[in-house]
Amino acid sequence: AQGDGGDDPKLWADICRELFLDLPSQSPQNISLALNALAQMQIRDTALLDHVAGSVRDTWLHNFNAQDLTLLCSSYAKLKHSSPRLFQLCAEELLWKLPDAIPQELALVAGAYAKL
C-alpha cells in the first residue's frame with residue numbers, strides 16, 4: 001500500500017544485503033518469503049540469487065517444508081533466473097514433501113518448473 005515502504009529501493013537493497021550476508025543464519029521460511037517478496041516486486045538481485053543457489057546443499061533443503069521449496073522455485077522462475085542445480089536439488093527434496101503439499105503449493109511448483 002502507498003506509504004508502507006513497499007516501493008522503497010533502499011529498503012529492498014537492505015533486505016537483499018541482509019539476506020546475502022546472513023544467509024546461513026536465516027530460516028528456510030525467511031529465505032523463501034524474502035525471495036518471494038522480491039519476485040513479487042520484480043526486484044532481480046542477481047548476486048543474491050546466485051549466492052542462494054550456490055549455497056544450497058541437499059542437507060540444507062531437508063529443513064525446508066513444501067511451501068518453502070515451492071516459494072523458492074517460484075521466485076527463481078518469476079525472476080527468470082536460471083539455476084538448474086537449485087531446481088534439481090529442490091526436485092529431489094520435493095519428491096519426499098509433495099505428498100503432504102496442499103493444492104496451491106502443487107500449482108506453484110508446477111508453474112515454476114513449467115517456466116524453465
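Gln 42 sits in the loop between H2 and H3, and its phi is near 60°, a positive value in a residue other than glycine. This is a predicted model, so please read every value here as computed from it.

- As background, most residues other than glycine have a negative phi.
- Gln 42 counts as exposed, because its relative accessibility is 53% and the cut-off for exposed is over 50%.
- Lys 80 is placed in the loop between H5 and H6.
- Although Lys 80 is not a glycine, it has a positive phi of about 55°.
- With a relative accessibility of 71%, Lys 80 counts as exposed.

**The buried face of helix H3**

- Helix H3 covers residues 46-55, and its buried residues are Leu 48, Leu 49, Val 52 and Ala 53.
- These buried residues line one face of H3, because they fall within an arc of 125° when seen down the helix axis.

**Helix H5 against helix H6**

- The axes of H5 and H6 come within 10 Å and cross at roughly 150°.
- H5 and H6 are therefore roughly antiparallel to each other, since angles over 145 degrees count that way.
- Their crossing is left-handed.
- On the H5 side, the contact is made by Ala 66, Leu 69, Thr 70, Leu 72, Cys 73, Tyr 76 and Ala 77.
- On the H6 side, the contact is made by Leu 86, Phe 87, Cys 90, Glu 93, Leu 94 and Lys 97.
- By class, the residues of this contact between H5 and H6 divide into 10 nonpolar, 1 polar and 2 charged.

**Helix H5 against helix H7**

- H5 and helix H7 (residues 103-114) pack at an angle of about 30°, and their axes are 8 Å apart.
- H5 and H7 are therefore roughly parallel to each other, since angles under 35 degrees count that way.
- H5 passes H7 in a left-handed crossing.
- H5 brings Ala 66, Gln 67, Thr 70, Leu 71, Cys 73, Ser 74 and Ala 77 to this contact.
- H7 brings Glu 105, Leu 108, Val 109, Ala 112 and Tyr 113.
- The contact of H5 with H7 has 8 nonpolar, 3 polar and 1 charged residues.

**Two residues of H5 to look at**

- Thr 70 is found in helix H5 and is buried, with a relative accessible area of 0%.
- Not counting residues up to four places away in sequence, Thr 70 touches Leu 94, Glu 105, Leu 108 and Val 109.
- Ala 77 also lies in helix H5.
- Ala 77 counts as buried because its relative accessibility is 10%, and the cut-off for buried is under 20%.
- Leaving aside neighbours within four places in sequence, Ala 77 is in contact with Phe 87, Ala 112 and Lys 115.
- Ala 77 and Val 109 are 32 residues apart in sequence, while their C-alpha atoms are 9.6 Å apart in space.

Notes:
Residues are numbered from 1 along each chain as its sequence is written. This is a predicted model: local features need pLDDT of at least 70, side-chain atom pairs count only at pLDDT 80 or more; totals for chains, interfaces and linings use all residues. Side-chain values use heavy atoms; hydrogens and water are left out. Buried means under 20% relative accessible area, exposed over 50%, partly exposed in between (1.4 Å probe, protein chains only). Helices (H or I, at least four residues) and strands (E, at least two) are DSSP runs, numbered from the N terminus. The arc is that of the directions from the helix axis to the C-beta atoms. Axes are lines fitted to C-alpha atoms, for helices over the stretch in contact, and angles run from 0 to 180 degrees between N-to-C directions. Angles under 35 degrees count as roughly parallel, over 145 as roughly antiparallel, 65 to 115 as roughly perpendicular and the rest as oblique. A crossing is left-handed if the near helix is turned anticlockwise from the far one by less than a right angle, and right-handed if clockwise. Contact means heavy atoms within 4.5 Å. Ala, Val, Leu, Ile, Met, Phe, Trp, Tyr, Cys and Pro count as nonpolar, Asp, Glu, Lys and Arg as charged, and the others, Gly among them, as polar.
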